[in-house]
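Subject: The structure we talked about

Dear colleague,

I am passing the structure on to you with this email, and below it you will find my notes on what turned up when I went through it. Please keep the sequence and the 3D view open side by side while you read.

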Amino acid sequence: MNYYEKELNIIKKSNRLRKRKLFDKNLIDLASNDYLGLSTKKSLLKKTYKKLKKEKSFSPKSSVLVNGYSNIHNKFEKKLCRLNKFESAIVVGSGFLANIALIESLIRKRDILFIDEQYHASGILATKLVQGEVVVFKHNDTEDLKNKISALTSVPNRIIIAIEGVYSMGGDIAPKEFDDIATNNNAILLVDEAHSSGVIGKSLLGWFDYYDIKPQPNHIKMGTLGKAYGSYGAYILASYNIISFLENRAKPIIYGTAPSLFDIALAHTNLKFLQKQKKKIKKQIAQNQRIVKKYLNLDVESLIVPIEIGNNKQVIQIQEELIEKGYLVGAIRQPTVSKAIIRMIIKLDIKKKDLIEVVRYLKN
Ligand SMILES: Cc1ncc(COP(=O)(O)O)c(C=O)c1O
């Protein structure tokens, strides 16, 4: 019996079959979320290894609530609090787990979650687990959110609004007005900063930094370490109370092994590097954005460049043509996005001449 044969055939027929691939390592990578190119910096790896060698144990061994919480986690959390000016922080195994932890635990009975329709799949999955009500609003549409809040017929216990700082597929930034709406409605604002921390803001800290919003008790920032921070894992920043509540109610935190010590230590090394080099990094980001503007006439606000193609087959074809030339770009198909796109990441380790060659190719 070939289990799932029928389902797989349906996926194949609609050109939606996904397959993980071992791409040639010599390809120039414009597909991954290693925005700042830190994943290939051997000096940062060496520094981290030296630091970790001094530890008695190198693996987390258990949940943070048993005996898995280490100095490595604690120091990184403190660093994140200082930089981002939040009261408290907690590291989590991954961004996916962080969204499950946050949404599943924070939305209690008689609470309402308002969530952007383009919020990450991990958050959308978590909405199926909540006890309270869930309302989806149109992407980045503050008017739709306001209308939906106004239409409430009973007063909820709490309102939680969930947005992303920079959206993973479109690369667009959530408007500041979401913060005003949260304040005006006494709501908690949860911002997934997977694609914004390390990329936008005066100090490259992300969405709150970009709009110069001083963190308040109603703010929650979730950030991932697998993207600009060049490692793996995630963190949550919030008030003492909210972090304490997560420690008491969020299942991925309570029942999952603590984050990998190596990954947290690497993210810490990388974050220090990033903060030291932020002037240079910001200049490089602006330069790459200017190249995209010049050749593709696209105003990009982050390092994600979505080029709409609209056809699942065609995006794969374009990706293959670029592979032939030595470049790897993302080919994102339906149903991940509503219309198929080439997702090009203008990573900072890409040489100017290579970036120009790719954007010229995509122009035609
Ligand atoms: C917006 C957003 N949130 C969360 C995640 C999940 O983070 P992680 O890859 O660390 O599990 C991703 C991953 O792509 C993402 O794009």
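Let me begin with Asp-24, whose side chain reaches the backbone nitrogen of Asn-26 at 2.8 Å. Please bear in mind throughout that this is a predicted model, and that the values below were computed from it. Asp-24 sits in the loop between α1 (5-13) and β1 (28-30), and because its relative accessible area is 46%, it is described as partly exposed. If you want a sense of distance, the C-alpha atoms of Asp-24 and Val-199 are separated by 27 Å, and these two residues are 175 residues apart along the chain.

Asp-111 is placed in the loop between α4 and β3, where its side chain reaches the backbone nitrogen of Arg-108 at 2.9 Å. Buried means under 20% relative accessible area, so Asp-111, at 1% relative accessibility, counts as buried.

The ligand

What surrounds the ligand? There are 13 residues around it, and the closest are Gly-95, Phe-96, Asp-192, His-195 and Lys-227.

Some of the contacts can be followed atom by atom. A backbone N or O atom of Gly-95 lies 2.8 Å from an oxygen atom of the ligand, and a backbone N or O atom of Phe-96 also lies 2.8 Å from an oxygen atom of the ligand. In the case of Lys-227, an N or O atom in the side chain is 3.0 Å from an oxygen atom of the ligand. Taken alone, the ligand exposes 390 Å², and the protein buries 85% of that.

A covered strand

Please look next at strand β7 (residues 219-224), which is mostly covered, since six of its six residues are buried. In a regular strand the side chains alternate between the two faces of the sheet. In β7, His-219, Lys-221 and Gly-223 point one way while Ile-220, Met-222 and Thr-224 point the other way, and all of them are buried.

Which strands pair with β7? One is strand β6 (residues 188-192), which pairs with β7 in the parallel sense over four bridges, and here the bridge partner of Leu-190 is Ile-220 in β7. Another is strand β8 (residues 234-238), which pairs with β7 in the antiparallel sense over four bridges, and there Met-222 stands opposite Ile-236 in β8.

Aromatic rings

How many aromatic pairs does a search of the whole structure find? It finds six. One of the pairs is made by Phe-137 and Phe-178, whose ring centres are 5.6 Å apart and whose planes stand at 40°, so this pair is tilted. Because Phe-137 lies in strand β4 (residues 133-137) and Phe-178 lies in helix α7 (residues 177-184), the pair ties together parts that are 41 residues apart in sequence. Both Phe-137 and Phe-178 are buried.

Trp-207 and Tyr-211 form an aromatic pair that is edge-to-face, with 5.3 Å from centre to centre and 80° between the planes. Trp-207 has a relative accessible area of 0% and is therefore buried. Ring pairs also link Phe-86, Trp-207, Phe-208, Tyr-210 and Tyr-211 into a cluster.

Backbone details

Most residues other than glycine have a negative phi, and most peptide bonds are trans.

- Arg-110, in the loop between α4 and β3 (112-116), has a positive phi near 70° although it is a residue other than glycine; at 63% relative accessibility it counts as exposed.
- Asn-140, in the loop between β4 and α6 (142-150), has a positive phi of about 55° and is not a glycine; with a relative accessible area of 16%, Asn-140 is buried.
- Gln-334 and Pro-335 are joined by a cis peptide bond, with omega about 10°; Pro-335 lies in the loop between β10 (327-332) and β11 (341-345).

With best wishes

Conventions:
Residues are numbered from 1 along each chain as its sequence is written. Side-chain values use heavy atoms; hydrogens and water are left out. A residue is near a molecule or strand if one of its heavy atoms lies within 4 Å of it. A polar contact is a pair of N or O atoms within 3.5 Å; within protein, one must be able to donate a hydrogen and the other to accept it, and residues adjacent in sequence count only if both atoms are side-chain atoms. Accessible areas come from the Shrake-Rupley method with a 1.4 Å probe; for residues, only the protein chains shown count as cover. Buried means under 20% relative accessible area, exposed over 50%, partly exposed in between (1.4 Å probe, protein chains only). Helices (H or I, at least four residues) and strands (E, at least two) are DSSP runs, numbered from the N terminus. Two strands pair if DSSP finds at least two bridges between them. Rings of Phe, Tyr and Trp (its six-membered ring) pair if their centres lie within 6.5 Å; planes under 30 degrees apart count as stacked, over 60 as edge-to-face and the rest as tilted.
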